[in-house]
Amino acid sequence: MQFGEAVEVRLLPAGPRRAATMRASQGRFLEIEVSEAPAELDIGTPAELESQEAVYLGLIERRENSRLWIKVEHMLDQSSLAVLRSQWRENGSEGA
């Protein structure tokens with residue numbers, strides 16, 4: 001991910017997507033700035049962060065106003081995810 005890149009963040013399992021901007025990455029931590037920061041984006045909450053290259057799953061570890069620090073637990077690159085989604089669709093349509 002690059003500084004200033006547009007990303008989306010959502011709470012898991014099924015929260016709404018929110019626009020955000022990548023601010024920094026350090027090891028397993030990603031720092032983002034959310035365009036609107038509702039109270040439910042709280043420390044300890046599981047979250048998904050999606051960029052053009054990958055989907056990151058982790059926990060919100062820190063919050064300061066609209067800035068969030070997410071500790072990444074899992075990462076899937078978008079090309080691998082596209083293959084999985086395609087296989088899921090194929091398997092789901094065969095059983096119908």
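A residue counts as buried when its relative accessible area is under 20%. Ile-70 is at 2% relative accessibility, so Ile-70 counts as buried. This briefing covers a predicted model. The chain has 96 residues, and 33% of them count as buried. One helix and six strands make up its elements. The six strands close into a barrel.

**Overall layout**

- Read from the N terminus, the elements run β-β-β-β-β-β-α.
- Along the principal axes, the C-alpha atoms of the chain fill a box of roughly 50 × 25 × 20 Å.
- Consider the contacts in the chain with a separation of 6 or more: 40% of them come from residues 24 or more positions apart.

**The barrel**

- Strands of a sheet pair through backbone hydrogen bonds, either parallel or antiparallel.
- Here the pairing is antiparallel, and the strand order around the barrel is β1-β2-β3-β6-β5-β4.
- On average, neighbouring strands of this sheet are turned by 45° against each other, direction ignored.

**Strand pair β2 and β3**

- Strand β2 covers residues 18-26 and strand β3 covers residues 29-34.
- Six bridges join these two antiparallel strands.
- Ala-20 has Val-34 in β3 as its bridge partner.
- Ala-24 stands opposite Glu-31, also in β3.
- The two strands form a hairpin with two residues between them.
- Gly-27 in this hairpin takes a positive phi near 60°.

**Strand pair β3 and β6**

- Five bridges link β3 and β6 in the antiparallel sense.
- Ile-32 faces Leu-68 of β6 across this pairing.
- Phe-29 has Lys-71 in β6 as its bridge partner.

**Strand pair β5 and β6**

- Ten bridges hold β5 and β6 in antiparallel pairing.
- Leu-59 stands opposite Lys-71 in β6. Lys-71 is also the bridge partner of Phe-29.
- Ile-60 stands opposite Ile-70 in β6.
- The β5 and β6 hairpin has two residues between its strands.
- Asn-65, in the turn, has a positive phi of about 55°.

**Strand pair β4 and β5**

- β4 and β5 pair over five bridges, again in the antiparallel sense.
- Glu-50 stands opposite Val-55 in β5.
- Three residues lie between the two strands of this hairpin.

**The nonpolar core**

- In soluble globular proteins, nonpolar side chains tend to be buried together.
- The largest nonpolar core in this model has 17 residues.
- Val-9, Ile-32, Val-34, Leu-49 and Ile-60 touch the most other members of the core.
- β1 (6-11), β2, β3, β4 (46-50), β5 (54-64) and β6 (67-77) each give two or more residues to this core.

**Ile-32: contacts along the chain**

- The contacts listed here leave aside neighbours within four places in sequence.
- Ile-32 touches Val-7 and Val-9, among others.
- Further partners include Ala-20, Thr-21, Met-22 and Arg-23.
- Leu-49 is another contact of Ile-32.
- Ser-66, Arg-67, Leu-68 and Ile-70 are also in contact with Ile-32. Leu-68 is the residue opposite Ile-32 in β6.

- Ile-70 lies in strand β6.
- Neighbours within four places in sequence are again left aside for its contacts.
- Val-9, Ile-32 and Ala-47 are among the contacts of Ile-70.
- Ile-70 also touches Arg-28, Phe-29 and Leu-30.
- Ile-70 and Ala-54 are 16 residues apart in sequence, and their C-alpha atoms are 14 Å apart in space.

**Aromatic rings and charge**

- The structure contains zero aromatic pairs.
- The charged end of Arg-62 sits over the ring of Trp-69. It lies 3.9 Å from the centre of that ring.

Notes
Residues are numbered from 1 along each chain as its sequence is written. This is a predicted model: local features need pLDDT of at least 70, side-chain atom pairs count only at pLDDT 80 or more; totals for chains, interfaces and linings use all residues. Side-chain values use heavy atoms; hydrogens and water are left out. Rings of Phe, Tyr and Trp (its six-membered ring) pair if their centres lie within 6.5 Å; planes under 30 degrees apart count as stacked, over 60 as edge-to-face and the rest as tilted. A charge sits over a ring if NZ of Lys or CZ of Arg is within 6 Å of the ring centre and within 35 degrees of the ring normal. Two strands pair if DSSP finds at least two bridges between them. Helices (H or I, at least four residues) and strands (E, at least two) are DSSP runs, numbered from the N terminus. Axes are lines fitted to C-alpha atoms, for helices over the stretch in contact, and angles run from 0 to 180 degrees between N-to-C directions. A nonpolar core is a set of buried Ala, Val, Leu, Ile, Met, Phe, Trp, Tyr and Cys residues joined through side-chain atoms within 4.5 Å. Buried means under 20% relative accessible area, exposed over 50%, partly exposed in between (1.4 Å probe, protein chains only). Contact means heavy atoms within 4.5 Å.
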